[in-house]
Amino acid sequence: MEIWLTRHGQTRYNKEKRMQGLTDEPLNEVGRAQAAMQRSRIGDIRFDAVYASPLDRAVETGAIIGGCSREQIRVDERLIEVDFGCYELKKYTGLGLRMSAYWALPELFPAPATVETTEHMIRRSQAFLQELEQQPFERVLVAAHGGIMRALSGYLMDRRNGLMWRPKMHNCEIRVFESEGGVHRFVRSYPSVKEKEC
């Protein structure tokens, strides 16, 4: 099975460099253009299924890149973005030491109170992907978010700690993996479409 991971396109809060977790902010025009350009890049690729987080920005990105209607998206709560708790919508430069340290180096620093832990991110990502791997699909697209992508990618890279924290995924970047018999392999990536290219 090929598993294609993509992060949603740009939103207003991405542009403002805010921590955008569970806030259901839609794509902006740049985000829609990024998704359309990625769809054009991948050509006539077809997906047996398209999964997305329940948040609108992921659903719309999945529909555009997946070449399907929003109604065909398989929404899964386990793909939702990280819960940033009291840091939700704060600017990256105003997070304070504890959150900045955790988000830079979660291997060393614990999640602040109210923020979802990496352990929980890993558990829900693995549960989703292990269930997906039992399906009879040849190629699937998964549209989600920058935070949870670190755990989804970690599983598909067979990382011992369950995370691929760096490099972070940019808006509408695509990573393609192969999954066969519980063995995973990175295949290729489609870099993010920069705002100036839209």
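Mentor: Gladly! Let's begin with strand E2 (residues 49-52), which pairs with strand E3 (residues 74-75) in the parallel sense over two bridges. This is a predicted model, where local features need pLDDT of at least 70, side-chain atom pairs count only at pLDDT 80 or more, and totals for chains, interfaces and linings use all residues. Residues are numbered from 1 along each chain as its sequence is written, and side-chain values use heavy atoms, with hydrogens and water left out.

Trainee: What makes E2 and E3 a pair?

Mentor: Two strands pair if DSSP finds at least two bridges between them, and E2 and E3 have two bridges. In E3, arginine 74 stands opposite tyrosine 51.

Trainee: Which residue of E4 is the bridge partner of tyrosine 51?

Mentor: Valine 142 is that partner. E2 and E4 (residues 139-144) pair in the parallel sense over four bridges.

Trainee: Which way do the residues of E2 point?

Mentor: Ala49 and Tyr51 point one way, Val50 and Ala52 the other, and all are buried, meaning under 20% relative accessible area with a 1.4 Å probe, protein chains only.

Trainee: Why is H5 called oblique to H6?

Mentor: The axes of H5 (residues 118-132) and H6 (residues 149-156) cross at roughly 55° and come within 9 Å. Angles under 35 degrees count as roughly parallel, over 145 as roughly antiparallel, 65 to 115 as roughly perpendicular and the rest as oblique, so H5 is oblique to H6.

Trainee: Which residues make the contact?

Mentor: Contact means heavy atoms within 4.5 Å; among the residues making it are Met121 and Phe128 of H5 and Leu152 and Tyr155 of H6.

Note on methods
Axes fitted to C-alpha atoms, helices over the stretch in contact; angles between N-to-C directions. Buried < 20%, exposed > 50% of the residue type's maximum accessible area, 1.4 Å probe, protein only.
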